[in-house]
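Take a look at the chain below. This report walks through a few of its helices and residues.

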Amino acid sequence: MNFTPLSFDPPRGMRDFYPEDMLWRNRVFDAWRHAASVFGFQPYDACVVESLELLQRKSGEEVSEQIYHFEDKSGRKLALRPEMTPTLARMIAARQGQLAFPVKWFTIAQCFRYERMTRGRKREHYQWNMDVIGEESVSAEVEILAAAAASLKAMGMPDDAYKIRVNNRALLAELLAKSGIAPEHHAAVFLALDKRGKITDEEISALLEAEGLGEEPIRKTFALLGVQTLDQAATLAGADSPALATLREFFALSEIYGIADRLVFDIAVIRGLAYYTGIVFEAFDTERKFRAIFGGGRYDSLLTTIGGTPTPAVGLGFGDVVVVEVLKDLPGETAAGKNGVVIGYMFAEQREAATRLARALRVQGETVDLMLSRQKPKQFFSRAGSSTFADAIFIGPDDVQKGAAKRKNLATREETDVPLCT
Ligand code: HAM
C-alpha cells in the first residue's frame, strides 16, 4: 500500500500542547482559577460551537471578519466562537428573570479567530473571561482588575513588569461631541481610532472621511489623542464631566484595592469591539515588547442588543498566548514549576523496593513516575533530567541492603536520604 505522507504539524495557527507546554498552560490556568475563586467568581461554560447569527455583527469590527463558520447537515449556520461575551450575554438573557444580580462569573474558553498570524496572535487561544453583570458602579471594574492582578502575581509576574492602561469611551464621546461630531458617528470613530499603530494615520483619516467627517472634525479627533492626563481632559470636557468623575472614582478605589501603582490613564486605549460603552482597559508588559496581555471594559448595552432587558455589565478577556511569552521573557524564568519525583531501579531484584516506595509516596499525595522496567543509571538520569519532574530516586542493590536510597534534586543536585519500605 502507498501512503501519502501527512504533515505532523497542526493546522496553521493551531497549537499542540506537549507535556512541557502543559506546564506553562497549567501555571496560567491554575493562577486564573485561583484568582477567580479568591474573588468569589462562579464558574460557567458553554459549547465552543455557537450560532453564527449571535456572533456576526454589522459594526465593522475586525473580529466579525475572522469567524470560522460552517453549515451543519441541516443547513444551520454555526461558528466556532471568536470570543465568549456574546455567549455569556445569551446565557444571561435566557435566565434574566431568575438570576440574583449582580452575578460574577468566570470561564476559561477556547476561542478561534482567523487572524493574520503575528507574534502573540494565533488562530486559536484560551481566554479567561471574568464578567460582572448587573452592576453599575465602578466597583465592578476595579474588582475585575484586582482579580486579574492577583492572577498575574500567582503566575509569578512582578508588579512592575506590566501596566494596565485605562480609558473611558464615555469621556471620548463627550470630547467628540464637544468637537462637533454627532453621536451616531462615535462607534465608527472608536473603531477607526483603535486601528492606530496597525494602519497609518492617513488610512485612519480616510476611514473617518468615509464615515462623513470633515477635515476640521478629523483634525480635532486626532488632537484628542494628545491628551495625557485627567486634568488635561478636564480642561476640554469641563470639570463637571460625568465620564471624568467616573474615572476619578475608579482610580481612587483602585488605591484601596492596592493596584493603583499598575494603572495609567491612556486616552488612546479604545478597544476594537463595538459593544463597549464606558471604562475600557488593556494590560501591556511595561516595555511594550508584546501585544496586549488582556483587555476588557464596560458594555452596558449588549444585553439589549441581543434582545434582553437593559443590564449593565463589565468584563475582561485574558488570553494564554501573550502572558506566557511575557513570563518566558522575564530574567531567570526557565520552565514552569517542576514537581514530583521519578523512581527507577537498576535490576529486576529492586523492582519490589521501587514499587513499595512509589506506593508509599503516592499515598502521601506525591506525584510519582515509577519506571516500568529496569534501567541503566545513565539512561535513567538522562530521561529524568529532561522530564517535568523535580526529583529522582534510583534504587540499586546497595540501597536495598542499606534500607535507604538517595533522593536527588535534579536542578541543584542536592541529595537527601529516603528510607525504603519493607
Ligand atoms: P479581545 O481584546 O478581543 O476582547 O481579547 C481579549 C484577549 O484575548 C486579548 O487581550 C488577548 O490576550 C487574547 N486574544 C485575543 N485574540 C487572540 C489571538 N488571536 N491569539 C491569542 N490571543 C488572543 C474580547 O474578546 C472580549 N470579549 C473580552 C471581554 C470579556 N470583554 C468583556 N468581557
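At what angle do helix H5 and H11 pack, and how many Å apart are their axes?

## H5 against H11

Helix H5 (residues 139–155) and H11 pack at an angle of about 40°. Their axes are 9 Å apart. Axes here are lines fitted to C-alpha atoms, for helices over the stretch in contact, and angles run from 0 to 180 degrees between N-to-C directions. That angle makes H5 oblique to H11. The cut-offs are these: under 35 degrees is roughly parallel, over 145 roughly antiparallel, 65 to 115 roughly perpendicular, and the rest oblique. H5 passes H11 in a right-handed crossing. A crossing is right-handed if the near helix is turned clockwise from the far one by less than a right angle, and left-handed if anticlockwise.

Which residues meet here? From H5 come Ser139, Glu141, Val142, Glu143, Leu145 and Ala146. From H11 come Phe250, Leu253, Ser254 and Tyr257. Contact means heavy atoms within 4.5 Å. By class, this contact has six nonpolar, two polar and two charged residues. Ala, Val, Leu, Ile, Met, Phe, Trp, Tyr, Cys and Pro count as nonpolar; Asp, Glu, Lys and Arg count as charged; the others, Gly among them, count as polar.

## The model and the whole chain

This is a predicted model: local features need pLDDT of at least 70, side-chain atom pairs count only at pLDDT 80 or more, and totals for chains, interfaces and linings use all residues. Residues are numbered from 1 along each chain as its sequence is written, and side-chain values use heavy atoms, with hydrogens and water left out.

The chain has 16 helices and 16 strands. Helices (H or I, at least four residues) and strands (E, at least two) are DSSP runs, numbered from the N terminus. The C-alpha atoms fill a box of roughly 90 × 60 × 50 Å, taken along the principal axes. Of the 422 residues, 48% count as buried. Buried means under 20% relative accessible area, exposed means over 50%, and partly exposed lies in between (1.4 Å probe, protein chains only). Take the contacts with a separation of 6 or more: residues 24 or more positions apart account for 68% of them.

## H10 against H11

H11 has another partner to look at. Helix H10 (residues 230–237) and helix H11 (residues 242–257) pack at an angle of about 160°, with axes 11 Å apart. H10 and H11 are therefore roughly antiparallel. Their crossing is left-handed.

H10 brings Leu230, Asp231, Ala233, Ala234 and Ala237 to the contact. H11 brings Leu244, Leu247, Arg248 and Phe251. These residues divide into seven nonpolar, no polar and two charged.

## H7 against H8

H7 and helix H8 (residues 201–210) pack at an angle of about 165°, and their axes are 10 Å apart. That makes H7 roughly antiparallel to H8. The crossing of H7 and H8 is right-handed. Val189, Ala192 and Leu193 of H7 meet Ile204, Leu207 and Leu208 of H8. The contact has six nonpolar residues, no polar ones and no charged ones.

## A mostly covered helix

How many of the ten residues of helix H13 are buried? Seven are, and H13 (residues 320–329) is mostly covered. The buried residues are Asp320, Val321, Val322, Val323, Val324, Val326 and Leu327. What covers them includes helix H1 (19–38), strand S6 (124–133), H5, strand S9 (279–285) and strand S11 (313–319).

Is Gln350 buried or exposed? Gln350 is buried, because its relative accessible area is 3%. Gln350 sits in the loop between strand S12 (341–345) and helix H14 (351–363). Its side chain reaches the backbone nitrogen of Phe347 at 2.7 Å. Leaving aside neighbours within four places in sequence, Gln350 is in contact with Tyr345, Ile395, Gly396, Pro397 and Val400.

His185 lies in the loop between helix H6 (169–178) and helix H7 (186–193). A polar contact of 2.9 Å joins the side chains of His185 and Glu211. A polar contact is a pair of N or O atoms within 3.5 Å; within protein, one must be able to donate a hydrogen and the other to accept it, and residues adjacent in sequence count only if both atoms are side-chain atoms. Glu215, in helix H9 (residues 215–224), is exposed, with a relative accessible area of 76%.
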